[in-house]
Structures are given as structure tokens and as C-alpha cells.
Amino acid sequence: MPNKSFFWFFIPTGLAMILFIGLPIISTGVQSFYAQHDQILKEVKKCDPFGCKVSVQIDQEATSKIREEKPLGKFNGFGTYVDRNHLATDQLSNFWNESNSAGEFLSKVGNLPFYKALIFTFTYCIIVTPCVLLLGFVIALSLNSISRKIRGALIFGTILPMIVTPLVGSLVLFWMVDAEGIIGANLQLLMNDPYLSVKSSKTLTWITIIIYGIWHHSPFAFVVFYAALQTVPQEPLEASIIDGASRFQRVKHIVLPHIYPVVTFVALISLMDNFRVFEPIIGFSAQGSAQSLSWLIYDNLVNEEVILFGSAAATSIMTIIGIAIILTPVLIRTWREFRTNR
Amino acid sequence: MKKILIVLSFLLFGTYANADCNIKSGSINILANDFPALRTLVDTAKECKGSADFKVTHSAEHNKIAVPALTANPSEFSVRVAANSSIVPLMNGDLIRPMNDLVKKYGKGIQDSQLITIDGKVMAVAFMANTQHLYVRTDVLKENGIAIPKTYEDVVAASEKIRAAGKMKYPYAAAYKAGWNLAEEFVNMYIGHGGEFFKAGTAKPNINNAKGVATLNMLKKLADLSNPDYLTHDSEAIKVEWEAGNVAIMTLWASRSGTLLDDEGDAKITAATKLVAPATVGGGNIPAATLWWDGFTLAKNRPDADAEASFRAMAHAASSKEMVAKAADQAVWLVEGFVPGPKSVGVIEAVKMGAKPYPMLPQMGLMHGALGNEIVEFLQGNESAEQALKDVEAAYNTKAKEQGFL
């Protein structure tokens, strides 16, 4: 396609992307550098049905004047980025000086909200992504070699987890692991511990969310792999059978290299999705044990009666940077292959 | 068919019966939480609508909608039904208007005690009160020879006795769901210990002290007597536990009693369910509970005509003797003419015992949010009480700095 026609084809999409993705990201970035103005407090008498009391209140007249002059707030630079609820640079250096061992230092760092969320997000990404790739590939291979008569029904059954709304899917599992649910109660029996609770144990909650993640994302990998398997040429496969290659050898030396670009693609998408893990935490009411970066943003925006725009914006920008860093190796690799192919 | 006709005729002519508040102009749009008492109130306000435009949104997500909807100019809603805590963000953002003149002009039936005044300005008109108090199963207590608990130490002893008797595995329940609910339990227990959340006259936190530690230890004792999934249980979940007969003593909102005492469910449990006063703690004499009011506020970013129409309709409901007589068991109404029934025991006892209202402070929401996240690890046994309280103060300080309070 000549560059000119590509340009005209791309313009509507490009404009929409700038309008609905580019500009909001820029606005988020700008907001993350600002904090609220100093609140001017004054003591006033407050009366309600239960009596009167003197306590502090925001002085609206004084505050609104400052607000009108500078509606964005007080410029804070990277202040929000380095405070305790984000990168916590001061706390990190304090911990480093106070701690006697690396273990003590790490446990203190793990207690900071941002790092706590980061640890869970990474653990989730690192375990779920390879499992999804592997499981999706195994299912695709097995379904591909099954009789055509029952294949349709089986494919439908396999992609069900993707069709079910994430929140509903997680709620179903949530009720199953309840102390009186089918899995929770049987675990208590099995472990002979009547006070065992999946929901209150941090480790068990993490395991549940990770299993849910694998269950929910595998169908996507399966669908893409299954489609790719249909394009594997039959001649080399037949030739390798004649040469006496085993099933495993055929998959390793012919099928995998052929669908390799697709594997990269699925890995990329899965990593991006998993890095933004959010719904299962809400579905499992797991914010006590597991917090992700996306959950922190949600918490800043809706869980407080005071909305923390600066905090939420800073976490959003860091999530974007985090995804960019994770994707870099994969992107570099794809780029190299693209160059060599040319 | 006959029934439908009667209902229809009521719907048609019922509105004309109250011609005294027939509003001719303006538009009314109400945002409110969703529970029976508020529905009754809004229906009563609707009697006045006359030819005015009348809309209402009942939503459990009201807190998330309110600030953005009232910030817009003109704002989406003309009336926001709020409580002690949810009025604070509205005040912080300067989103509601004082209504002294309207009270003078149209607020004849409203009692002075219903007015929420801040620095002399009437910012809200309250119509009902709420608190968290104890619910007990009289049959279980009697069987084990236990008197009705008066303090949380009694609650712990009673629950341990019931567990030891092999009657119930998890005899106690309260809404300990991580986040808002858990923080609310901390607030109650800390106030019961006589604690103050902030250093007087400032926004500096003041919870990392002996009272804070005692509060956390009591919460932990109670949590150990609850269903092990307590960190995921909100008010709705513990109500289900109660109705299933798994719980003998529970701390729950007064406003949630309605469905516990209705005809549905096990009649034996319903008959044995008794609402009693909130408990005290640590030898204190005020209850470990906070008093709440629900009232209406008027949006600032709306024309005066809308505010006037809205006030007239809401004031009609907030002073309606017929409404409180008809819906006496739905809430503890603050309206003149209310005769308390058995479901009001908890709130009335709490007021008598000198319970404190939930602190109506501009920075309280930040403290509440920090509590809900940071004390979880202590309850899970991964952290000491002192460390948890230190974390709460640190998390609060950071947020308060960003918001310009410190």
C-alpha cells in the first residue's frame, strides 16, 4: 500500500486515538504533578440532633479565592510520585539504614502500599502469563487432533470462561471457597482445621486469584493458537512422520516455529492484561490480602470520601511506564525479527 | 381487579389530598441511598409535587455519584440525602447551599433539633437517626445461663462460653469487611475507649497510643470469635449468617433490623432475636458506637426556584406526622410525633448512654480510608498493633499532605 493511502486510511483511527487515549493520558500526567491547595481550617460551632460541638471546618471563602486563581492546585513536581503511598524514596532510605539484614529490609518495603501492590501484580503476571500460554497451547493441540464431530461443542465449552463476565466468574469461585462453600468446607475437612479460611489467608487468596486468572485467560490463548494451528502446512508434518519423528518432536520442530509470531502476540496481550489485574480483587472482596496497581487507582478515586486525583494520576502513569518496561524485551525481539525478515 | 382499582384511585387522588404544599414551578431531582425508610420519605415528598418536575435516583452507589454530579453547573440533582460522613465532601467542595431563609419561610413543622447548623448556617435537615448496636439470640443466651452483655468484654466471655458449649463455632458477627466497614468498627471501638482521632483543632492524627492498641486488641478478640471469612463480610453477609442461625451475638446497624424481624425465614430465630443497647468497652461509660443522622441537603449549583421547590417537598416529608406514624418500624425518625417501637431500642439507648456522633470533620474521610486498609494485616496476625497504627498514621499523613490538610 502506498504511504499516502495508508495515511488516509489511518487518519480516522489516529484522530480517535489522540482524542480518547492520547489527550486523557496527557491530562492524567499533568494532574499527577499537582496537589490540592493548603486547606484553610477554622474552628466553628457545629450542631446536629445529638448536640453541639466546636470543631474544625474548611474556610470556604478563603479557599475558593485561591482555587479561582489556580484551579489546577498547587504544583508539587514529583512530590506525589515519591511520597509514602507511591515510590516512598525517603522511607526506603530510612529502612535501608535501620535494617540489619536484607530480609528485614524487604519485609519493611513489602509493607508499603505501592510495593505491596507491585509485588502482587508481578507475582500474578509472572505465574499467570506462562500458565495461560502453556494451557492454551495444550488445549489447542488436543482439540485440533480430536474428531471433527464433537469438536464444535468442545470449542464452545472451552471458551466459556471468556464469555462469562469476569465479575460473575469470580463471584462463583468466591462462593465456592466460602467457609461453608463446596471447596472451602472440603478443605477444612481435608486439613482437619475447622478455622481454616481461604478468604482470610493471604497465601490461599493469592492462589485462588491466580487460578481464577488462568481459568479466565486461557480461552483467549486457546482461540488464537487454534486458529494458528489451522495454517500449519501438512507436507512437512507428513514428511517428518515418514522420517519417524515422534509427536513431541513434530510439535517442537515444526508446529512451534511456525506459530511462533502468534505466541509472541498472545504473550504481549496477556502480559498487558495481567499487569492491570483488577476485577478478581473486587469479585473476591480480596483487598485485604491482595492489592494490585489498578486497585490502588480505584481505591484513590472511589473508596475515599475525599477523591485523591493526584495520587490516582501518579499511580496510573507509573502503571503505563510499568507496562512499557515489561513489553520492551518482547517488542525489541519482534522488531529484530521484522528487520531480518525484510 | 378491585384491588388494582383501589390502588389506582389512591394514586390518582392521593396526590391531591395534600393540596397544602402543591408546588407550581421549579424542578426537583433527588439523589438518595436505597433502603426502605428513604423510599418512604421520598414517596412522602412526592405528595407535594403538584405541577413541578419530580425525579428521584435511589442508589447504593450514591457516594460515588454525589460529588461529580453536584460539581457540575447546573448540577444533576437538586437534593442530596446525606449523612454525617457523606455531607463532608459536599461541604469541602462547597457544593451545598445554606437554607436558613427557606427554613424560616417554609419550615414550620421542622423541629429545631432537626437542623444541622455549621457556624450558624443550616446546611442540612435531619429526619432519621441510626447507630450500630447489639443484637442477641435470647434462646441461646438463656440455654447457656448468660445475661445480656453490656460490655464488649461480656460479649467476648459470652461468645467463648457458647463456643465451649459446642453450640456454635462462630458465635459473634460484625461487618469486618476490609475497607469502609472494618474502619467503621475501629472508629466505634476507639470512641468507646474515649479516643480522639486528631490532635485538638488540627488535622494531625492521634491514634497511635494505648487506646488505639486496646481498640485493635479488642477487635482481634472479637474477630477470632467470628466466622473466619470475616474480612469479606459486610452488613448483608452477617445478616445472612444470623438468619441461618449461626450467630448468637451481633453488632449491626439499627436501620438493617427490618428484614431480620420480618415473617420470612426461621420463625424460631426471629422470635428469639432481640435488639439491645450498644456495648461499652474498656470500662468506659459511653457506648462503643457512633450516632448517625440522615438528612437532606440542597445543591448549590441549581437555580433558586429549584432549591425552593425542593425544600418545600422535602420539608413536607421531614415534618410529616402521618409518615412517621405509618412507617414507625422503618426507622428511628427525628420528626415530631414519632412513637418509638421495639426496633428503636438500640438508637434510643445509645442516645441515653451519651453516645457520640460520627465526627463531621473535613479530613475524617482520609482517616477512615487509611484505617480500612492498614489494620487488616494486624487482624491477619502478620503485624503488631503498634506497627499497624504507625502505618495508618503514615498513610493518612501522606494523603492529608496531598489534600493540603497538613
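A residue counts as buried here if 20 or more other C-beta atoms lie within 10 Å of its own. Keep that in mind as we walk through this predicted model, starting with chain B. Of its 406 residues, 52% are buried by that count.

What is chain B built from? Its secondary structure comes to 18 helices and twelve strands. The radius of gyration of chain B is 22 Å, close to the 22 Å that the globule rule gives for 406 residues, so the chain is as compact as a globular protein of that length. If you look at contacts in chain B with a separation of 6 or more, 74% of them are between residues 24 or more positions apart.

Two spots in the loops of chain B deserve a quick stop. In the loop between α3 (62–71) and β3 (79–83) of chain B you'll find B:P74, and a cis peptide bond, with omega about 0°, joins it to B:N73. Then there's B:D94, in the loop between α4 (87–92) and α5 (100–106) of chain B. B:D94 isn't a glycine, yet its phi is positive, about 55°. Is B:D94 buried or partly exposed? It has 16 C-beta neighbours inside 10 Å, so it counts as partly exposed.

A:A88 has a positive phi near 50°, and it's not a glycine either. This residue sits in the loop between α3 (79–82) and α4 (89–98) of chain A. With 21 C-beta neighbours inside 10 Å, A:A88 counts as buried, because the cut-off is 20 or more.

Helix α10 of chain A covers residues 202–229, and its 28 residues should span 40 Å at 1.5 Å a residue; the end C-alpha atoms are 40 Å apart, which agrees. Even so, α10(A) bends by about 30° at A:H217, with a proline, A:P219, following within four residues.

Finally, how do the chains meet? The contact takes 47 residues from chain A and 51 residues from chain B. On the side of chain A, the elements giving two or more residues include β2 (41–48), β3 (51–58) and α15 (309–341). β2(A) gives the most, with seven residues. By type, that side of chain A divides into 16 nonpolar, 18 polar and 13 charged residues.

Notes: Residues numbered from 1 in each chain as written. Chains lettered and ligands numbered in written order. Predicted model: local features only at pLDDT ≥ 70, side-chain atom pairs only at ≥ 80, totals over all residues. Expected span 1.5 Å × (residues − 1). Bend = angle between axes of the 7 residues up to and from the residue. Rg over C-alpha atoms; globule rule 2.2 N^0.38 Å. Buried ≥ 20, exposed ≤ 12 C-beta atoms within 10 Å, placed from the backbone. Contact = placed C-beta atoms within 7 Å. Nonpolar A, V, L, I, M, F, W, Y, C, P; charged D, E, K, R; others polar.
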